[in-house]
Amino acid sequence: MGLTASEIGHRIGASAEVVNRLLLENGLTFGEPGAYGITDKGAAFGAAVEKGNGYGGWAHRNWAWSSWDESVIGELGATPERIAEESAALKAAKAAKRAADKLEAEQYWAGVMAEKAGKLDEDTSERGAEEGLTNGQKALIGVAVTVVVVVGGVLIYKGVKRHKRRQADRAERNAETSE
């Protein structure tokens, strides 16, 4: 005894996930990723190992894993073709889960945005036109005023600078002509 799923995978050219799927399919383990147990059939090839950090109370931690004998490799029937099939199946399952999670997140976000839009519509329709501008209109006006002030300031600055430069040029020409 003494091989983990990772070590078995290293010997047969597969990932630990593939090894765990093979163990599960051959009836040597039960459970799901992160919580596998050894079946009666699997007990002939391996055992559960549990270690703790030796502390009590809040600091207490346990680690559990399955330790397998080398003879389990023959029981897995891990041909290169089967390893490739299992790897492809795992990859496809992960891709499907990512796609489903992404779709769920997008639907949730669309719902949140629709809810916000509904609240904005309710706010503007309840107040009516006689109460003035909506928050969006106020923000747009604020941005426009800011742009006008900044552009106006830049133009005034450049105009003053140009005026001073022309005055200096005139003074220089007058000094040259008077000499």
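This is a predicted model: local features need pLDDT of at least 70, side-chain atom pairs count only at pLDDT 80 or more; totals for chains, interfaces and linings use all residues.
Residues are numbered from 1 along each chain as its sequence is written, and side-chain values use heavy atoms, with hydrogens and water left out.

The secondary structure comes to 6 helices and 4 strands, where helices (H or I, at least four residues) and strands (E, at least two) are DSSP runs numbered from the N terminus. Read from that end, the elements follow the order α-α-β-β-α-β-β-α-α-α. The chain has a radius of gyration of 37 Å, whereas a compact globule of 179 residues would have one near 16 Å; this radius is taken over C-alpha atoms, and the globule rule is 2.2 Å times the number of residues to the power 0.38. Along the principal axes, the C-alpha atoms fill a box of roughly 110 × 65 × 45 Å. Buried residues (under 20% relative accessible area, with exposed over 50% and partly exposed in between, for a 1.4 Å probe and protein chains only) make up 15% of the 179 residues.

Strand 1 (residues 29-32) and strand 2 run antiparallel and are joined by 4 bridges; two strands pair if DSSP finds at least two bridges between them. Within this pairing, Gly31 stands opposite Tyr36 in strand 2. The two strands form a hairpin with 2 residues between them, and Gly34 in the turn has a positive phi of about 90°.

Gly34 and Tyr36 also belong to the lining of the largest pocket, together with residues including Asn20, Trp65 and Trp68. A pocket is an open set of points on a 1 Å grid over the protein atoms alone, where a 1.4 Å probe fits, with protein on both sides within 12 Å along at least five of seven lines; lining residues have an atom within 4 Å of a point. The volume of this pocket is about 230 Å³, counted as the space filled by probe spheres set on the points, which are joined across faces, edges and corners. Helix 2 (16-25), strand 2 (35-38) and strand 4 (62-68) each supply at least two lining residues, and strand 4 gives the most, with 4 residues.

Asp40 is found in helix 3 (residues 40-43), and it counts as exposed because its relative accessibility is 74%.
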